[in-house]
Amino acid sequence: MVGANKESIGLCGDGKVHYNDNSNSSMSLDVNHGEYKLFKGLIFGVGYIFKTKQVFFTANGKELRCVDLPLKLINKLLYPAISLGSREIHKVEINLGLKRFIFNLDEFVQNRYYNQIHQEISDFQIYQNKIKALDSRGM
């Protein structure tokens, strides 16, 4: 199961993020204080922010929690997985971005990372200008 298998992280039907590192220890975070349990029509989302190495979880278009990727998983090959573990019939639909997400990803990124990205672009432009100034002096 995702989150129970070694070197995996996942949002489970109990509303908790489960992570199991390779040393037989695990952590469990209640991402939503029990607000979202599995029920018909519930739409869970999971995203990964490469720049900050964070995983975020959503339910019905609302952010539940953003957690740092465990250190043991950084620089490892990551891939999406789904685990289903009951005798009930489940319908699963996977959207890797070909259809519009219910969660507003553009707004999430803009609100959370706009200032950071803007600062990095400004810093890079200042750096480029310094390099050009040095080149024009023959240095």
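**Exercises on a predicted chain**

I82 lies in the loop between β6 and α1 (105–136). This is a predicted model, in which local features need pLDDT of at least 70, side-chain atom pairs count only at pLDDT 80 or more, and totals for chains, interfaces and linings use all residues. Numbering starts from 1 along each chain as its sequence is written, and side-chain values use heavy atoms, with hydrogens and water left out.

**Exercise 1.** Find which residues form the largest nonpolar core, and which element gives the largest share.

*Solution.* A nonpolar core is a set of buried Ala, Val, Leu, Ile, Met, Phe, Trp, Tyr and Cys residues joined through side-chain atoms within 4.5 Å; buried means under 20% relative accessible area (1.4 Å probe, protein chains only). The largest core has 12 residues: I9, L11, V17, Y19, L42, V55, F57, A59, L64, V67, L69 and L73. Next, assign them to elements: β1 (8–11), β2 (16–20), β5 (54–59) and β6 (62–68) each give two or more. The largest share, 3 residues, belongs to β5. Finally, a second, separate core has 6 residues, among them I49, F56, F103 and Y113.

Key
Buried < 20%, exposed > 50% of the residue type's maximum accessible area, 1.4 Å probe, protein only. Helix = DSSP H or I, 4+ residues; strand = E, 2+ residues; numbered from the N terminus.
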